[in-house]
Amino acid sequence: PRNVYCVGQTQPRVKVFQPNTNDEKKFFRNFVAYHIAKTIERNELREGTGLRIDDVNDRLFVNTVLPAQQIRAIIKAVANCERQNNNYWALKQVGEDDFPGVEALGRRVNPEGIAAYESQQAAIQRYQDLGICELYSGTNNVGNVAVAMIYLNGMVQAAFQRRSRLKKLLDVKARQRDPRLVYYERAHAKLDGQYHDLKRKQSIAKFIYEELQLSPWNLSGDFIDVHKRAIRNQTMKLTGIGDPSGRGEAYSFLREEGGRGSKSSAAVDGALNAQIKKITGTENDLRKLTMKQMASLLQSYNVPSKDIEKLKRWDRVHVIRDLSTKNASDGMGDEMDRFARTEKTRLSDQRSNYKERIQEIWRRQTAALTATDIDAAAVGMEGKAKDAEAANEAGAEKADGPDDESEDDEELIQELEMDLANREETNRLASNLGQSG
């Protein structure tokens, strides 16, 4: 061809119909009625006669599962049955029984609606191929799945705590050479099996939850609510699982829960969030410290050792942060002021940062679309190289740190995962309830 046009990510103009909802049924009825009326009109012009229901079904609905009663009900709205003429259906006259005519029916079906319906059908087929057959239709929306995720996360956390406590008790009994040790081992094996079974179910549920978030009706609905209707100053996540490029060259249309764009989604893309990386995952992050390191910090603040021993991990984190914040606010900051809690970013600054992130993604997408094969590989590897560098630095810090707190680290990771998962689902539920209210 003389000209080749390259199209990047397109923005939705209308919401894709959620399956088994009134909007979908209304569009589908108009869509089918127009095609039936058009087919009958064309056959009357060519052959001078209408069509039987079987002929309509064979010509239009060979690859569509449509009940015969539904087809008959739609045909009755656009045609009359001529029983004296072998039950052929003839097109109604304009104005007969409020029939608007074929052209008027066609104007009820716009191109955006057809594109939305085809996008919906493609997503339904994909879900069915994945084995997801019911959770996407009607009232089975993402919010309902989020409720199940919260419940399942709680079950996993409870199973993990039971297993951890029994493991500690098992270690004590093993050192004491308790004659009932075999029973403790069986109980631990039982709890361990329950925990891993729940983890497997949680992984499956998380996969389904993410797939439902990426449905076209959810993505298009979030985009229109954020940028067309501007509901409560909400923003898009821009990065994360909703990014179709998978490497920061396209936008995630998923809505940021909470309305103002949290740091969690910003932390996904290293190039877009250099400021956040100065805090999370470095020496400024209290969560990376071991119990012994936090005890040393508290001792530097003249906290008695007997009081430190009574504090659990998260209590130590809060005490260190509070003391650091107090010293920083009093102008007595030292090398520990990096742990101080700073003031939240103003709304205007958040909006400015949000626009800068949008422009950066736009720059990446433009560069990817206009690049040659060699340049495209370089653009794609730009973000990955920075992420890999950050991962290597984190791995080096982990290798240099002490390894005698493995059990505490495992519990910390588990608590963080559950807390982040529950917070995300809870924010989504709160956002949905706020809109419906």
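In this predicted model, Leu 238 counts as buried, since its relative accessibility is 0% and the cut-off for burial is under 20%. Leu 238 lies in strand β3, which comprises residues 236-238. The backbone of Leu 238 adopts a positive phi of about 70°, although the residue is not a glycine.

A positive phi is also found at Asp 98, again a residue other than glycine, with a value of about 65°. Asp 98 belongs to the loop that connects β2 (88-91) with α4 (102-107). The relative accessibility of Asp 98 is 71%; because exposure requires a value over 50%, Asp 98 counts as exposed.

The packing of two helices was examined next. In general, two packed helices are described by the angle between their axes and by the distance between the axes. Helix α5 (residues 111-130) packs with helix α7 (residues 181-213) at an angle of about 170°, and the axes of α5 and α7 are 12 Å apart. Angles over 145 degrees count as roughly antiparallel, and α5 and α7 are therefore roughly antiparallel to each other. Classified by residue type, the contact of α5 with α7 contains four nonpolar and two charged residues, with no polar residues.

Definitions and conventions: Residues numbered from 1 in each chain as written. Predicted model: local features only at pLDDT ≥ 70, side-chain atom pairs only at ≥ 80, totals over all residues. Heavy atoms only, no water. Axes fitted to C-alpha atoms, helices over the stretch in contact; angles between N-to-C directions. Helix = DSSP H or I, 4+ residues; strand = E, 2+ residues; numbered from the N terminus. Parallel < 35°, antiparallel > 145°, perpendicular 65-115°, else oblique. Nonpolar A, V, L, I, M, F, W, Y, C, P; charged D, E, K, R; others polar. Buried < 20%, exposed > 50% of the residue type's maximum accessible area, 1.4 Å probe, protein only.
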